[in-house]
Amino acid sequence: MSYVYMKALEKKAKKYDKGIRFLTLGRLPKIKSYISDTIVQKNDTILDIGMGTGTFAILCAKKGANVIGIDNSEKMLEVAKKNIEVKRLMHRIQIIKMPVIELDHQFSDNSFDKITAILAFSELYQDEQNFCLKQINRILRDDGEFILVDEVKPKKILKKIAYLIIRLPLVFITYLKSQLTTKSLKNIEERLKNYNFSLIEEKYFLLDTLKLFRLKKRINTEM
């Protein structure tokens with residue numbers, strides 16, 4: 001999977017979902033459905049970080065959850081708004097245009113039952129990711145869960161080789177078009193522990209290059 005390809009897709013927001021399905025070989029819609037079907041509960045209050053075109057927020061709203069979706073892309077949110085209106089779910093989904101660096105003053109402590117970030121962290125610098133983790137811990141309720149889905153580097157040597165063979169040609173082509181680079185999450189397991197999250201469940205996809213972390217907020221632990 002390629003960060004630069006995602007950034008290129010964002011410039012063509014209407015084609016984003018189709019492109020992401022191609023990029024993840026159809027896995028991402030299935031991952032979103034898995035989260036909404038098995039983790040999200042009716043009447044949950046959910047913050048969807050980097051909501052994109054709203055596909056995941058819509059799945060949660062159909063389940064009976066109330067969702068606040070944030071994104072800093074005007075074009076993405078325009079598409080999300082149309083998608084939500086078509087599904088008649090405006091009463092369950094609120095859209096806010098904002099970057100993640102505003103989380104510290106946008107939401108109060110213990111505001112959400114669940115917080116999701118699906119292919120959002122890989123678009124942030126590591127300092128921004130750390131800031132985001134701290135704020136997520138703050139605004140998540142004590143019994144709340146954080147669900148993170150994003151790009152990671154495989155640990156097994158054969159999968160590392162396959163990862164490079166598949167990924168590098170796409171990275172090179174996209175760089176020529178956009179002059180953007182790629183990045184996977186670094187030391188994310190360690191940083192999640194440092195910011196008071198404990199792992200409930202993990203799942204790997206796409207030669208272990210895409211990972212779902214289901215995390216619980218740890219209580220009464222110093223930051």
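Arg 214 and Glu 201 are both buried, a term that stands for under 20% relative accessible area, with exposed meaning over 50% and partly exposed in between (1.4 Å probe, protein chains only). The two residues form a salt bridge, their closest N and O atoms being 3.5 Å apart; such a bridge requires a side-chain nitrogen of Lys or Arg within 4 Å of a carboxyl oxygen of Asp or Glu. Salt bridges with shared partners join Glu 145, Glu 201 and Arg 214 into one network.

This is a predicted model, in which local features need pLDDT of at least 70 and side-chain atom pairs count only at pLDDT 80 or more, while totals for chains, interfaces and linings use all residues. Residues are numbered from 1 along each chain as its sequence is written, and side-chain values use heavy atoms, without hydrogens and water.

The count of salt bridges comes to 8. In one of them, Glu 189 meets Lys 211 at 3.1 Å, N to O. Glu 189 is partly exposed at 30% relative accessibility, whereas Lys 211 is buried, at 1%.

Nonpolar side chains tend to be buried together in soluble globular proteins. The largest nonpolar core holds 30 residues, of which Ile 31, Ile 35, Ile 93 and Val 149 touch the most other members. Such a core is a set of buried Ala, Val, Leu, Ile, Met, Phe, Trp, Tyr and Cys residues joined through side-chain atoms within 4.5 Å. Leaving aside neighbours within four places in sequence, Val 149 is in contact (heavy atoms within 4.5 Å) with residues including Leu 28, Ile 31, Ile 35 and Lys 211.
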